[in-house]
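Thanks, everyone. I'll take the ligand site first, then the salt bridges. Here is the model.

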Amino acid sequence: MIVSLKENADAAAVLRALTQRGLWVARVEHSAGKPAHYVIAPCSAGASPSELSSIEGVSSVSTDKPSFPLVERQGPAVDVAGAKVGGGAVALMCGPCSVESEDHVMRVADKIAPLGVTFLRGGAFKPRTSPYAFQGHGAPALKWLRRAADRAGMKVVTEALSEADVPLVAEHADLVQVGSRNMHNYALLKAIGRTGRPALLKRGMAATLDEWLLAGEYLLANGSRAVIFCERGIRSFDESTRNLLDLGAVALLAHVHKLPVVVDPSHGAGRRDLIAPLARAAVAAGAAGLMIETHEEPSRALSDGPQAVPLDDLPALVRGLGARVGGLS
Ligand code: PEP
Ligand code: MN
C-alpha cells in the first residue's frame, strides 16, 4: 500500500499513527515542495485502506501493486550532468568493454566524440564469469576514463561492481552503472542511491519487469537523482545469440511506463554482425539511447572481443540509425 500525504500534513504524526497500528512503514522522500509517501509492506496486517485514509493528514491510500511511485513519476527524460537522455535525440554510450590502458581509452574517446557519442563507457571493475579472466584495472582505469572523456567533451558511464567501489566510481562517473549480475544486489543499489548520482540500471539476466522496476525504485528511494533502465538481453533456451534481447520490454518501458530506456545490443547479441540491425530495431522500439561496445582491434580486446564493433565501422553504424543522436546541452 502507498499512503500519500497532504501538502500540509504533519508527516511525523502520520508516521506515529501508522506505526501504532503495528504496520511496517518505509518513508519515501520526495524533492522539495512535494508531499511524502509512506509505503506499507503488503504483508502488514491490521489496517484497511479505508481506515488508513481517515488518518489526519493522509490524502490517499493506494493498493496498487507493485509499488514503484518514484519510478512512475520520474518521466521519460532525465538530465545526467547536463546531458539529456530521453525525449528527443538518441543518446549514445560507446567505448570498450574494459578500460585497457590510458592511451587506448584516449584514442577511442577522440574517435567517437565527433560522431555525437555523449557518454564514454568502459569497465574499470569487471564482472567476469571466470575468476581467471581479466578483472579490470580498477581505480587507475577510472582516472584514465575520466581524463579521456573530459578531453573529448563526453560524460562517463562505468560500473560499480561492489559497495566498496561506490564512492570512487561516483567520484569519477557521471552515470553509475549497475551491472546485470548486480540488479538484485539491494545493498549495492542502496549505496549507489546514497551518492545521489544518476544510475544506469541494467536488467538482471533473469529479472522480470516488476523486479527491474523495483530495483529502479530502490535507487530512487535511496537518493539517486535519476534512473535510466538498460535492456541487455535475458537468458533463453537458445544459445545462437549470447542472450535474448527483449525489445518488447523496451517498448513497454518506453511507451507504457514512459521511462528512459537504453538498449545494449552488444551484450544482447554477443556478436558484432548483429549490432547494427539490433540497434536500429531498438530505436524503433522506443529506446532513448544505445550502449555499444567498440574496439580498435576487437581480436586483441581484453574482454568481449567477439561483440565489439571495430572503431572504424562505428560511423556507418551511427549513420545507419537514421535517428538524431546526441544529448549534450
Ligand atoms: C558491461 O556493460 O560492461 C557489462 C558487464 O554488462 P552486463 O552487466 O550487462 O553483463
Ligand atoms: Mn562487455
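**Ligand 1 and its surroundings**

An oxygen atom of ligand 1 sits 2.9 Å from an N or O atom in the side chain of R181. That is a polar contact, a pair of N or O atoms within 3.5 Å. The protein covers 97% of the 300 Å² of accessible area that ligand 1 has on its own (Shrake-Rupley method, 1.4 Å probe).

Some ground rules. This is a predicted model, where local features need pLDDT of at least 70, side-chain atom pairs count only at pLDDT 80 or more, and totals for chains, interfaces and linings use all residues. Residues are numbered from 1 along each chain as its sequence is written, chains are lettered from A and ligands numbered from 1 in the order written, and side-chain values use heavy atoms, with hydrogens and water left out.

Back to the ligand. The Q177 side chain has an N or O atom 2.9 Å from an oxygen atom of ligand 1. For S180, a polar backbone atom lies 2.8 Å from a ligand 1 oxygen.

Now salt bridges: a side-chain nitrogen of Lys or Arg within 4 Å of a carboxyl oxygen of Asp or Glu. The structure holds 14. K202, one of the residues surrounding ligand 1, pairs with D264 at 2.6 Å, N to O. D264 is in the loop between strand 13 (261–263) and helix 10 (265–269), and K202 is in strand 11 (199–202), so the pair ties together parts 62 residues apart in sequence. Helices (H or I, at least four residues) and strands (E, at least two) are DSSP runs, numbered from the N terminus.

Are these two buried or exposed? D264 is buried, at 0% relative accessibility. K202 is buried too, at 4%. Buried means under 20% relative accessible area, exposed over 50%, partly exposed in between (1.4 Å probe, protein chains only).

Technical notes:
Near = heavy atom within 4 Å. Polar contact = N/O pair within 3.5 Å; in protein donor to acceptor, adjacent residues only side chain to side chain.
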